[in-house]
Amino acid sequence: MAAQAQRDAVMISQSTQKHTDVGTTEPTWLKWTLIGVAMTFVFLFLILPLAAVFTEALRQGVDAFWNAINEPDARSAIFLTLTTAAITVPLNLVFGVAASWVIAKYEFRGKAFLTTLIDLPFSVSPVVAGLIYVLIFGAHGWFGPWLQAHDIRIIFAVSGIVLATLFVTFPFIARELIPLMQVQGNDEEQAALVLGATGWQTFWHVTLPNIKWGLIYGVILCNARAMGEFGAVSVVSGHIRGQTNTMPLHVEILYNEYQSVAAFAVASLLALLALVTLVIKSFVQWQFERDQIAAALPSGHSCSRDHPEFIG
């Protein structure tokens with residue numbers, strides 16, 4: 001059986017490669033021209049600027065780089081950035097799974113409107129989002145006097161940064177999961193319920209394994225946006241050194257003060273986080289493609305074989 005499965009996987013891979021080769025009918029010179037243009041664009045606008053960031057960060061040596069990173073305001077900015085991401089990503093995870101479950105699995109009045117609302121942060125400028133929070137929670141905003149009377153600070157505080165980051169990042173996980181769940185349908189969940197599974201068992205043993213790669217991919221994108229957000233956070237933070245400056249804001253302040261080495265040092269950390277995110281994203285994509293090939297093999301498994309825990 002193992003040898004047969006391996007042969008089937010090889011045949012599927014060869015068939016996919018053959019289909020890819022046959023599907024392109026352009027001349028060879030055109031293909032290589034397009035590849036050359038794409039690689040030139042990537043080198044000029046991605047690789048070269050990224051290399052420049054690390055080069056400028058280390059221009060005065062490792063000691064200057066370390067001093068810039070270890071400076072108290074820089075440490076505070078790094079800590080605040082990681083804290084904001086640590087708060088917003090789990091909240092977006094819960095919201096994204098719940099919203100995608102409701103939209104993909106149920107029909108209800110207002111479904112299209114809910115989907116549109118999820119896409120709203122993609123169409124609204126982050127600066128506008130920050131201004132909206134100032135209008136609502138600022139000193140002269142709708143709830144400003146009440147918040148001041150109860151000594152609650154949102155604008156120019158960490159809570160405002162978290163709220164602004166939540167606004168600009170909450171579509172990422174939901175938008176990765178909604179089409180995935182819609183394609184998968186409800187058949188496996190209904191089969192699990194027929195076999196006696198509870199709602200939690202169905203989600204944990206059926207739904208979650210089916211969406212795990214899309215979920216991880218959405219979390220990666222959400223985390224990257226949370227750590228790199230500038231516009232909305234800039235409006236609500238107040239740029240208070242050591243308190244409400246995230247890494248992107250700290251880079252801006254250092255650069256405006258002509259501390260270019262320190263600015264590029266902190267920027268290099270953001271670039272390094274982006275590279276780590278890219279590596280994880282590539283790994284997730286590779287795992288997803290491998291699972292697709294494995295799922296295409298004739299397994300002959302039924303729902304009761306795949307999930308024996310549902311059979312009493």
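**A loop and its surroundings**

Mentor: Ala-157 is buried, with a relative accessibility of 12%. Buried means under 20% relative accessible area, exposed means over 50%, and partly exposed lies in between, calculated with a 1.4 Å probe on protein chains only. The model is predicted, so local features need a pLDDT of at least 70 and side-chain atom pairs count only at pLDDT 80 or more, while totals for chains, interfaces and linings use all residues. Numbering starts from 1 along each chain as its sequence is written, and side-chain values use heavy atoms, with hydrogens and water left out.

Ala-157 sits in the loop between α8 and α9. Helices here are DSSP runs of H or I with at least four residues, strands are runs of E with at least two, and both are numbered from the N terminus. Ala-157 touches Val-236 and Thr-244, leaving aside residues up to four places away in sequence. A contact means heavy atoms within 4.5 Å. Ala-157 and Val-236 are 79 residues apart in sequence, but their C-alpha atoms are 7.7 Å apart in space.

Most residues other than glycine have a negative phi. Asp-151 is not a glycine, yet its phi is positive, at about 55 degrees. Asp-151 lies in the loop between α8 and α9 and is exposed, with a relative accessible area of 68%. Phe-156 also has a positive phi, about 65 degrees, without being a glycine. Phe-156 is found in the loop between α8 and α9 and is partly exposed at 40%.

Now move to the helices on either side of the loop. Helix α8 (144-149) and helix α9 (158-169) both pack against the buried residues of α7, as does α13 (231-237). Helix α7 runs over residues 126-137 and has twelve residues. Its first and last C-alpha atoms are 17 Å apart, close to the 16 Å expected at 1.5 Å a residue. That expected span is 1.5 Å times one less than the number of residues. The buried residues of α7 are Ala-129, Gly-130, Tyr-133 and Ile-136. These residues are on the same side of α7 because they cover an arc of only 125 degrees around the axis. The arc is that of the directions from the helix axis to the C-beta atoms.

Tyr-133 also belongs to an aromatic cluster, together with Phe-95, Phe-137, Phe-143, Phe-167 and Phe-170. Rings of Phe, Tyr and Trp (its six-membered ring) count as a pair if their centres lie within 6.5 Å; planes under 30 degrees apart are stacked, those over 60 are edge-to-face, and the rest are tilted.

Helix α13 brings us to Ser-234, which lies in that helix. Ser-234 is buried, with a relative accessible area of 18%. Its side chain makes a polar contact with the side chain of His-239 at 3.1 Å. A polar contact is a pair of N or O atoms within 3.5 Å; within protein, one must be able to donate a hydrogen and the other to accept it, and residues adjacent in sequence count only if both atoms are side-chain atoms. Apart from residues up to four places away in sequence, Ser-234 touches His-239 and Leu-249.

Further out is helix α4 (residues 72-105), which contains Thr-88. Thr-88 is buried, with a relative accessible area of 0%. The side chain of Thr-88 reaches the backbone oxygen of Thr-84 at 2.8 Å. With residues up to four places away set aside, Thr-88 touches Val-162, Thr-165, Leu-166 and Ala-226.

Last, the protein as a whole. It has 16 helices and zero strands. Of its 312 residues, 34% are buried. Among contacts with a separation of 6 or more, 74% join residues 24 or more positions apart. The pair Ala-157 and Val-236, at 79 residues apart, is a case to look up in the model.
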